[in-house]
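Please keep the sequence and the structure at hand while reading.

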Amino acid sequence: MKIPLIAAAAVVGGGCCPQAEAFVPTSSKISSAAVGRSHAGSSMLRFAEAASAAHRHHQPASARRRRSVPSALSMKSQATRVKADAPSGSAATDDVKRVYLLHEGNKDMKLLLGGKGANLCEMAKLSLPVPPAFVITTETCLEYFKEGTGNLPAALNYEAELKVLEDDTGKKFGDPSNPLLVSVRSGAPASMPGMMDTVLNLGLNDDIVQGIIDSTGNERFAYDTYRRFLNMYSDVVMNLDKEPFEEVITEIKKKKGVKLDLEMEAHDWKEVVDRFKKLNPNVPTDPREQLRGAVLAVFRSWNNDRAIRYRSYNGIPDEWGTAVSVQAMAYGNMNDGCGTGVAFSRNPSTGENKFFGEFLPNAAGEDVVAGIRTPQPLEEMAEKWPEVYAELYKYQEQLEKYYGDMQDIEFTVENGRLYMLQCRNGKRTAKASVKIAVDMVKEGTLTQSEALLRIPANQMDFFLHPTLDPSADKTLIGEGLPASPGAATGKIVFTPDDAEAMANIGEDVILVRKETTPEDIHGMKSAQGVLTALGGMTSHAAVVARGMGKCCVSGCTAADVDIAGKSLKLDGLELKEHDIITIDGSTGEVYLGTVDRRSAAEDEDFQTVLKWADEARTLKVLTNADTPEQAATARSLGAQGIGLCRSEHMFFDPERISAIRAMIVSEEKEERIRHLDTMAVFQREDIKGILKEMDGLPVTVRLLDPPLHEFLPHSIEDVQALADTVGKPLSVVQDRVAQLQEVNPMLGFRGCRLSVVYPEITEMQARAVAAAAAANKKAGLDPKPEIMVPVVSTAKELRLIVPRIQAAVADELEKAGVKLDIPIGTMMELPRACQTADQVVGTDGVEFMSFGTNDLTQSVWGFSRDDAIKFIGRYQEQGLLDFDPFARIDEEGVGGLIRTALEKARAKQPDTKVGICGEHGGEPDSVQFFHSLKFDYVSCSPFRVPIARISAGQAAASEALEEKKLYRESITNVKRAAIINAKKTDKTD
Ligand code: PEP
Ligand code: MG
């Protein structure tokens, strides 16, 4: 396709423009701290640990700061060096294809051409007006890292493709009389919005800018473009500080008495250009050298800090690399007949089936993101340029039908001509994702299974978290754009680091910024919500927050945000750090203080999706609940029973903890039994209540597993209180507490080890379970209790303990005159138990096994659950871990051991019931793994039950579709999609 570009040109967005990236769900990261068993007594320790970990996870600001501009750049770092004789022109020495023209690729080649490149190819194939481009493969990027020379791979040669771009546009790269300018953009196989680099308007120098003036007669445009290029190249390729460049523009605007870029005239931009050249005289003037530098910069950006962090948050493999697309520019900033914009085929916030978007006349893509000017709704473009609008409307319809998913489109209008610069499956809110999926099934675009696979399971907790109660009292203090729905209340913080540090100590915070940038990502992730003063619906804050399922109000222009002074002025009020506000991302409203909220769980579309999942799944979803209230909540969210009731959690209440402490520090058996009797009363009543809430469904009560450090008193006041309770002198209790202190409590005197040493504890518990069940049964209920033995390492432990449980249960039931089956099972949370699983399940009376993947991960990795938070982040940043194994199951290591255990156990007892009750039971990728191993159930915390239901449904649905070879790329599972794409790519190649 030949597209005559009037002049060379400006591409909207790019790597700096996150809005057009395809949706990648933010995988839920339950932090390691969440699986540490943070309970009474250890909170201060955790506070200190979390704070120091937060500190260590981030480089000091000084280390992250960029170099400032030297007066003359005589020295370039190794990383930024561009070898003058680098190999873009040298002949390839092998037959590896490193560069693709658009007609040579297709949408299924994302692994090789990146999402952006593959979709450009596809749009060109559909004869949409795409500026000519070529794409350098992700493999070439990997080659660059492998060679490690700092230069482009010797075999990379794009001269022939550059020539095609020249022929297609009728322009020449580096020719002042008719110059071709290009954009150089990153594009990974999975969307990494704004994380990597882009250089626009490349191919300019003093002679060429004059050529543009001569050919267009538009001096203002030429210098505007040149200053953009110099700025971006200095920043992205040469890694210079942006601020001095921005200061130049601010100074000139001030001198001239104007505020907007639009008010700047040709001679103003020319002055900016002159000053930029003084700031950085070392931008290469040879366009080919510029191009090499930009391609290298894009390659390098695959491994910048924020990209690495983003990949680890999103489980994107480091081994993928980024592609680089080199594309002829289309200009939105030439004059009033030009513009640039972003559009979605459906509303990404609500899911409404209505074409939606924003555009900025006479602007380049980066202006849309920068938030300096507020973009106009597309409806205004329809009035201004009806024909262009109609064409765009037609393409978005076509693309949505073609991809079978909501599309996010970037476009530029150059002198009335529309250019399509990018299309992607659009990011959307949790609410929009379910509405779009349900609507597309109704419209006949997707089958129920396909639609189910479009749901980002991890974001579904949006429906479980509250929206503002319309009848609540509230004080409105500001209004912005409803950028990402949901409602959040929290303490104001002004920096991402503060957000992270506060979140690490359990505080809810609202991150308040003028605008956000990719550097803010960890703060956005930690905050409950984000409020920005600048930026539209497609600003960085809006797009990233939507992707994270996080509530966001952007463009609250009345807000005067002073980051350094840590103050927010709004509605005549001055709010300081840690003052509380509430934001409503569905309406854009900002309120003072806390506002009552309510659940969105009743949403009809959400219920439909859950129904689909339940129809598809084979895995049962149980819950981890320790109180009748939690049991009731979980049941209302669809839990099919309790897979883990941690019996020690029933003793956290201040009035109960003294009973368990007294029992723990007892010196004699009689004394211990006395305290156990007190505990038994609580235990029986709680279990009765839980069984009642879960009537007719299994309730697995786990025997006491209290790591001692969590239950022993720490402060002198607590020790004194305990001494008072047990009626002993302080010094005696102090000695006993000292005796019980452990060096490695998580590997210490806990779990079934307590039963071995103190059988009376187990007896009390077994009796409490049996008595509670018997009472309920007598009351006409249908209790289904089960008893589970924790921290088992050898079948011999079970051989000792199980008969004791059986005897106590039998005795209690007989006394009550009730017949009831109370199955006994074992937890599998230590490597030895897994390795000897045949003996473990072969133990008489053992009917089920439940993998405790928290302890199993701890013991397989040798990472302490309580302490790993201090270094896991650094492991992820340095690529040693792709994800936190306490949050997502490590399929290779921990999973390998689970496989071994299953094989042995099933060989011995094929019908053994198998479950998992670690935190992984509510994490989508892990649920998929347990489905693949044919587990009977997963058990997770109450609020993750719907996520687990959807994940289990997706696992079954994708398996069925894959079996039938009907699988269509799902935006919810980049990993699987990539594997399938890889297969297709192999064939294509
Ligand atoms: C586990 O170890 O995975 C488990 C569920 O037990 P806990 O977290 O209580 O140690
Ligand atoms: Mg455990």
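D603 is buried, because its relative accessible area is 17%, where buried means under 20% relative accessible area, exposed over 50%, and partly exposed in between (1.4 Å probe, protein chains only). The side chain of D603 meets that of K431 in a salt bridge (3.0 Å, N to O). The model is a predicted one, in which local features need pLDDT of at least 70 and side-chain atom pairs count only at pLDDT 80 or more, while totals for chains, interfaces and linings use all residues. Residues are numbered from 1 along each chain as its sequence is written, chains are lettered from A and ligands numbered from 1 in the order in which they are written, and side-chain values use heavy atoms, with hydrogens and water left out.

**Salt bridges**

- Side chains of opposite charge can pair when their charged atoms come close.
- A salt bridge is defined here as a side-chain nitrogen of Lys or Arg within 4 Å of a carboxyl oxygen of Asp or Glu; by this rule the count comes to 50 salt bridges.
- The pair of D603 and K431 links distant parts of the chain, 172 residues apart. D603 lies in the loop between β25 (597-599) and α21 (604-616), whereas K431 belongs to helix α16 (residues 430-443).
- Helices (H or I, at least four residues) and strands (E, at least two) are DSSP runs, numbered from the N terminus.
- K431 counts as partly exposed because its relative accessibility is 29%.
- Helix α16 also holds both K435 and D439, which are four residues apart, about one turn of the helix. These two residues form a salt bridge, with the closest N and O atoms 2.9 Å apart.
- K435 is partly exposed, at a relative accessible area of 24%, whereas D439 is buried, at 11%.
- E166 and K172 are joined by a further salt bridge between their side chains (3.7 Å, N to O). E166 counts as buried at 6% relative accessibility, and K172 counts as partly exposed at 44%.
- A network of salt bridges links D224, R227, R228, K253 and D261.

**The sheet of five strands**

- Five strands form an open sheet in the order β10-β9-β8-β11-β12, with antiparallel pairing; two strands pair if DSSP finds at least two bridges between them.
- β10 (376-377) and β12 (417-425) stand at the edges, each with a single partner strand, so one side of each has no neighbour in the sheet.
- Helix α15 (residues 386-403) packs on this sheet and touches β11 and β12, contact being defined as heavy atoms within 4.5 Å.
- The direction of α15 makes about 25° with that of β12. Axes are lines fitted to C-alpha atoms, for helices over the stretch in contact, and angles run from 0 to 180 degrees between N-to-C directions.
- Strand β8 (residues 339-344) and strand β11 (residues 407-414) run antiparallel and are joined by six bridges. In this pairing, G339 stands opposite V413 in β11.

**The sheet of three strands**

- An open sheet of three strands has the order β20-β21-β22, and its pairing is antiparallel.
- Its edges are β20 (560-562) and β22 (573-576); each has a single partner strand, so one side of each is left without a neighbour in the sheet.
- On average, neighbouring strands of this sheet are turned by 15° against each other, direction ignored.
- Three bridges connect β20 to strand β21 (residues 567-570), and D560 stands opposite K569 in β21.

**Strand β28 and its partners**

- Strand β28 (residues 698-702) is mostly covered, as four of its five residues are buried.
- Strand β27 (residues 642-646) runs parallel to β28 and is joined to it by three bridges. The bridge partner of C645 in β28 is V701.
- Strand β29 (residues 784-789) also runs parallel to β28, with five bridges between them. T700 stands opposite E786 in β29.

- K611 is placed in helix α21 and counts as partly exposed at 46% relative accessibility.
- K611 and R949 are 338 residues apart in sequence, and their C-alpha atoms are 9.3 Å apart in space.
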